[in-house]
Amino acid sequence: MARGRCALLLAVLLLGGCASVQDVTGVATQQDLVQLRTDVTIAQQRAQRALGEAEAALAQAQRRERERDGEAERRLAALAERVDALTSSLTTLSGQLDELNSRVDALSRQPRAAAPAPTATRSPSAVPAVPAAAPPPAAGGNRPTTNALQPQDIYQAAYLDFSKGSYALAIAGFREFLRRFPDQGLAGAAQYWIGEAHFSLARGYTNAGQSPQATEALEQAVQEFRKVLSNYPRSDKAPASLYKEALVLLELKQPAVAEQRLQYLVETFPQSEESTLARERLAALRPR
């Protein structure tokens, strides 16, 4: 301890210019001076090392802070992007609904022009011809008004949306048709096209890699196709709805249930075109 104090005193004196080595050699030897210099050098090195370690720790802390800020910004940006996408989807749906409402209102205000009923060949996806409906006689012998919204108007508008790939609009249009005219001759066909629209939506979800949405749409399609037979058993779309229901069940990995529906189709509508397709499907499903 005494030696250290002596060395420290010597260093102070030398640095302050108050004494020379010769002035203090009486209490400090040359060896003490060398040791002092060594101690000072070591202290400087330790101080430098400590300073470097402190600077490195500070830089690391600052880097981690920036990384945390960057991750928070990325998460915030992803959340904002998702909100924007949902907002855009909602805006699109709102616009489609407004367009449908405007179309229905316009049809209800315009006189219905007489036109020949379209003809189509019989197939699972063909559009049925719209039968001409005779207006009921007007009271007092007056002519009936022609600007009332007719069943065929709503039906054809909904089918036009379906043919354009606007399946959500088509579903809304066919549902509106069924709400207004549940007993009209085209009700069974309208119900069938609702099932077809959900089936088409499922294909779109599958192509986009959205499996949960595709499964949900397929399950809904099964329910809609079944409504054709339960609510409109005499509809000419009953065989087609049975066949399409079986196809959807195959998509849902339910071959046993699909086979039952195909067999029911063959037994119930043996003369239909869909019955021929059902027999082919059954032959492929059943082991030889």
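This is a short chat about the predicted model shown above.

Reader: Quick overview first. How many helices and strands does the protein have?

Author: Ten helices and zero strands. From the N terminus on, the order of elements is α-α-α-α-α-α-α-α-α-α. Keep in mind that the model is predicted.

Reader: What share of the residues counts as buried?

Author: 31% of the 288 residues.

Reader: What about contacts along the chain? Among those with a separation of 6 or more, what percentage joins residues 24 or more positions apart?

Author: 59% of them.

Reader: Let's go to helix 4 and helix 5. At what angle do they pack?

Author: About 160°, with the axes 7 Å apart. Helix 4 covers residues 151-163, and helix 5 covers residues 167-180.

Reader: Roughly parallel or roughly antiparallel?

Author: Helix 4 is roughly antiparallel to helix 5, because angles over 145 degrees count that way.

Reader: Is the crossing left-handed or right-handed?

Author: Left-handed, for helix 4 passing helix 5.

Reader: Which residues make the contact?

Author: From helix 4, they are Pro151, Ile154, Tyr155, Ala158, Tyr159, Asp161 and Phe162. Helix 5 brings Tyr167, Leu169, Ala170, Gly173, Phe174, Phe177 and Arg180.

Reader: How do the residues of that contact divide into nonpolar, polar and charged?

Author: Eleven are nonpolar, one is polar and two are charged.

Reader: New topic, the loops. Where is Lys253?

Author: Lys253 sits in the loop between helix 8, residues 238-251, and helix 9.

Reader: What is phi of Lys253 like?

Author: Phi of Lys253 is near 60°. That is a positive value in a residue other than glycine.

Reader: Is Lys253 buried or exposed?

Author: Exposed. Its relative accessibility is 71%, and the label applies because exposed means over 50%.

Reader: Now Gln271. Which loop holds it?

Author: Gln271 is in the loop between helix 9, residues 255-268, and helix 10, residues 273-285.

Reader: Why does Gln271 count as exposed?

Author: Because its relative accessibility is 76%, and the cut-off for exposed is over 50%.

Reader: How far is the C-alpha atom of Gln271 from that of Pro239?

Author: The two C-alpha atoms are separated by 9.9 Å. Along the chain, Gln271 and Pro239 are 32 residues apart.

How values were computed:
Residues numbered from 1 in each chain as written. Predicted model: local features only at pLDDT ≥ 70, side-chain atom pairs only at ≥ 80, totals over all residues. Heavy atoms only, no water. Axes fitted to C-alpha atoms, helices over the stretch in contact; angles between N-to-C directions. Helix = DSSP H or I, 4+ residues; strand = E, 2+ residues; numbered from the N terminus. Parallel < 35°, antiparallel > 145°, perpendicular 65-115°, else oblique. Left-handed = near helix turned anticlockwise from the far one by under 90°. Contact = heavy atoms within 4.5 Å. Nonpolar A, V, L, I, M, F, W, Y, C, P; charged D, E, K, R; others polar. Buried < 20%, exposed > 50% of the residue type's maximum accessible area, 1.4 Å probe, protein only.
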